[in-house]
Amino acid sequence: MRERIVQLSRSTYAGFNDHHLCEKLVEREGFSLSRETLRRLLRNNGLRSPRKRRAPAHRQRRVRSARLGELVQLDGSPHDWLEGRGPQLTALGMQDDATGKILAARFFPSETTFGYLCLLRQLLRRFGVPLAFYGDHSGIFVRNDDHWTVEEQLAGKRQPTQFGRALEQLGVTFITAHSPQAKGRVERLWGVLQDRLTSELRLARAVDLDSANAVLRKFIADYNRRFARQPRERETAWRAAPESLDRICCLVHERMVSNDNVVQWEGRRFQIPQQARRFSFAGAKVQIYQALNGRVTLYYGDARLAYSAIPGG
């Protein structure tokens, strides 16, 4: 039995930390042993845990939020998740502060506004609207440039980012962390995932984005079962999400209509015909809503506009 355990730790489960390895030997291989017994066996055979432990340090930990949905931490982690078997991926995640539960997570090619809007929509549909988000100073969340448009100067207020605009529509506060240490819980989450999830991806032989996300979906349920804790208060802070999320979880672009009632955007042209509400939109500002699936709709205020795409535009 000892020889079999050592052989598995050097082959099938190579790179697993002691705790994770013990779980797999019990759940998948049918062994019955404690973590301390496994640790002694591995050390006696020259096998050390791949996860390095930091030296203890005195820190004052921030008290967790009291209720589910009171504060959601979000962050991204670019990492060699597939260990060279496939493309470089970035994991985006949202974690409940009160319980440590992973609320939404997904692999993307990189950290983008599109990815966070996808997670936001998933969160809203499954749980509802939280009171606040907690993240870093990324330009995806907050404006970091020094440029003010004339309209912003006149209004005395800067336009938010696409993600910030979505949160304003939802009435959600965004709190910015001033250092990686301030995001301690979500940073520790990535430490666990870069250890455990990477090993699970290796075990499942994941080699691309789709197979990695399939492993991640199963991993989230197992992680929450093992590590999520009960909140201090039973009442939740989640609020009901709007029925239609199409005008929230999307990309919004404002454009001026030309004299021939044509809107140009990213090399594409849209012809606006005569509408019941208005004969001509020449010189008017309209909003182009780009849904997460790529579908485009045009609005003038709250009125949805009919349009036709001009071929070759």
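Which strands does helix H4 (residues 113–126) lie across? Helix H4 lies across strand S1 (72–79), strand S2 (89–96), S3 and S4, and runs at about 150 degrees to S3. Angles here run from 0 to 180 degrees between N-to-C directions, with axes being lines fitted to C-alpha atoms, for helices over the stretch in contact. The helices (H or I, at least four residues) and strands (E, at least two) are DSSP runs, numbered from the N terminus.

A quick word on what you're looking at. This is a predicted model, in which local features need pLDDT of at least 70 and side-chain atom pairs count only at pLDDT 80 or more, while totals for chains, interfaces and linings use all residues. Residues are numbered from 1 along each chain as its sequence is written, and side-chain values use heavy atoms, with hydrogens and water left out.

Five strands make up an open sheet, in the order S3-S2-S1-S4-S5, and the pairing is mixed. Two strands count as paired if DSSP finds at least two bridges between them. At the edges sit strand S3 (102–108) and strand S5 (173–176), each pairing on one side only. On average, neighbouring strands of this sheet are turned by 20 degrees against each other, direction ignored. Look at strand S4 (residues 132–135) next to S5: they pair in the parallel sense over four bridges. Tyr 134 has Ile 175 as its bridge partner in S5.

While you're in this sheet, find Gln 95 in strand S2. Gln 95 is buried, since its relative accessible area is 5%; buried means under 20%, exposed over 50%, and partly exposed in between (1.4 Å probe, protein chains only). A polar atom of the Gln 95 side chain lies 3.1 Å from the backbone oxygen of Gly 100. Not counting residues up to four places away in sequence, Gln 95 touches several others, including Leu 71, Val 72, Arg 185, Leu 189 and Tyr 223. Contact means heavy atoms within 4.5 Å.

Back to the start of the chain. The axes of helix H1 (residues 2–10) and helix H3 (residues 35–44) come within 11 Å and cross at roughly 75 degrees. That makes H1 roughly perpendicular to H3, a label for angles of 65 to 115 degrees. On the H1 side the contact uses Arg 2, Ile 5, Val 6 and Ser 9, and on the H3 side Leu 38, Leu 41 and Leu 42.

With a relative accessible area of 33%, Asn 45 is partly exposed. Leaving aside neighbours within four places in sequence, Asn 45 is in contact with Val 6 and Arg 10. The C-alpha atoms of Asn 45 and Glu 3 are separated by 9.8 Å, although these residues are 42 apart along the chain.

Helix H2 (residues 18–27) is mostly covered, with seven of its ten residues buried. Among them are His 20, Leu 21, Cys 22 and Leu 25. Asn 17 caps the N-terminal end of H2, with a side-chain oxygen 3.0 Å from the backbone nitrogen of His 19.

Last stop: another sheet. This open sheet of three strands has the order S7-S8-S12, with antiparallel pairing. Strand S7 (262–265) and strand S12 (308–309) stand at the edges with a single partner strand each, so one side of each has no neighbour in the sheet. Strand S8 (residues 268–271) is joined to S12 by two bridges, and Phe 270 has Ala 309 as its bridge partner in S12.

Technical notes
Angles under 35 degrees count as roughly parallel, over 145 as roughly antiparallel, 65 to 115 as roughly perpendicular and the rest as oblique. A polar contact is a pair of N or O atoms within 3.5 Å; within protein, one must be able to donate a hydrogen and the other to accept it, and residues adjacent in sequence count only if both atoms are side-chain atoms.
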